[in-house]
Amino acid sequence: MKILQVTAALEQGGVERGTVEMATYTIGKGEDSIVASQGGRMVEELAAVGARHILMPLARRDPFSIFYCAWKLRKLILKEKISLVHARSRAPAWASYLACRLTGTPFITTFHGTHKIQNCFKKFYNSSMVRGRRVIAISQFIRRHIADNYQVADELIDVAPRGFDPIRFNPDEISLEEQLKLRTDLGCSKDDVLVTLPGRLTRWKGQLLFIEALAEIKDLSWIALLVGGAGNKDAYLQELKEKAHKFGISERIVFCGNQHDIAPYYAISDLVVSASTEPEAFGRVAVEAQAMAKPIIASAHGGSLETIKDGMTGWLFENNNSQDLARCLRSALSDSNNLEKKGAIARDWVLENYTVDRMCSAEWSSYEKVLNR
C-alpha cells in the first residue's frame, strides 16, 4: 500500500504529531508513507523514519490555493499510485477530496477538533472533514460532536484516541541528577513543590484562571511552572505577569517558554494542571502527565472526562471556576503521599488505554475497512 497523509504544515501540535506517528506506524507495517504539507520542523522526523514529504502550499485557505493543491495532489496520486488519502485539517481536506473525486481514490479524514460553527458558510467549510468514506474521531467527545452537527451515521465514525510514546514519556528514563539540574536551572530547590501548567500561552488554555486559583492558596508551599511559548502574544504574557504581581505571587511563578522536550518538566513536577476554558478535543497533556506518573487536575469537559479518572488518577474541577480549581489544588497539595499513589495508578491507566501504538492501530483499522482488507 501507499498511504498519503495530507495536512497543513508540520511545525508543532497534536495534528502534526499524529501525522508523524502514523507515518512511522505505516513504515513499520512495511508499507509506503508519503506526507504532503507546507513543511516545518517535523519534516526531519519524517525523513528519519523513512517516510517521504511533498511540499505544497496546503496551509493556505483561499479557493485558488485549494484548487491548485487539488490539481497537484491529483498528479501525485496518479504518479505514485496512491492507495488511500488521509486528510487531517480542513483546507487540505478540501484539496484531497477534490483530488480523490477526480482519481477515484479512497479518502478518509481524522477530525481533530470541534471547528467552531458560527454560520452556514463556516459549517460548509468544516464539512470537508466528513466527506470521506469514514471519519476518525480522536475521542468520544469528538465522535458525539460529529454525529450531532454533521449527521454522519454512527457506523461510519471510528474512534482513535490520541496516545503517548511510552519510551519518550517514561519517568524511569529521567535521572534524579537530570531532574535536580533542571530544578536548579529554573531557580528551584530539590524540596520545592512544583505545580505545572503546560500549554502555549493563549487565553483559552486557562493560564489566567490558574493564577487566580494560585492566589487562593498562597498559604501553601508551592512554585508554579508555566511551560509554553507566547508566540506573537506578548501582550497576553505581560497580562499574566501583571496579574501575578497584583496577587503578590509573581516571585513564585516561573515562565519556562516553549520547550521541545516536555517530559523532563513533567518529571520534576509534583502535580500537573490543565485549565483549558474551552473543551480539549482530546488533551494530550492529561495523558502525558499521567504517563509520567503525575496526577493531574483538569477542567471537567471535553476529552478530559475520558482520560482522567476523577479521584483516582487526578481531579476534575468545574470549568472556568477558579475557586473550584483552588479547592482541588489545596486538596492535592495537602497530602504528598496521596500524590505519589495517584501518580502510580495514573501511569498504569494510560499505559493500558492511551499509547501511540493503540492510536495508530485504530487508524490502521479504518484504512483496512475502507480498502476491504
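1. Phenylalanine 64 is found in helix α3 (residues 63-80). Helices here are DSSP runs of H or I with at least four residues, numbered from the N terminus. Phenylalanine 64 is exposed, with a relative accessible area of 67%. Exposed means over 50%, buried under 20%, partly exposed in between (1.4 Å probe, protein chains only).

2. This is a predicted model: local features need pLDDT of at least 70, side-chain atom pairs count only at pLDDT 80 or more, and totals for chains, interfaces and linings use all residues. Residues are numbered from 1 along each chain as its sequence is written, and side-chain values use heavy atoms, leaving out hydrogens and water.

3. The whole structure holds 10 aromatic pairs. The rings of tryptophan 94 and tyrosine 97 have centres 6.1 Å apart and planes at 75°, so this pair is edge-to-face. Rings pair if their centres lie within 6.5 Å; planes over 60 degrees apart are edge-to-face, under 30 stacked, the rest tilted.

4. Where do tryptophan 94 and tyrosine 97 lie? Both are in helix α4 (residues 90-103), 3 residues apart, about one turn of the helix. Trp94 and Tyr97 form one aromatic cluster with Phe107 and Phe124.

5. The charged end of arginine 131 sits over the ring of tyrosine 97, 5.6 Å from its centre. Arginine 252 lies over the face of tryptophan 222, at 3.9 Å from the ring centre. The cut-offs for Arg are CZ within 6 Å of the ring centre and within 35 degrees of the ring normal.

Note on methods: Rings of Phe, Tyr and Trp (its six-membered ring) pair if their centres lie within 6.5 Å; planes under 30 degrees apart count as stacked, over 60 as edge-to-face and the rest as tilted. Helices (H or I, at least four residues) and strands (E, at least two) are DSSP runs, numbered from the N terminus.
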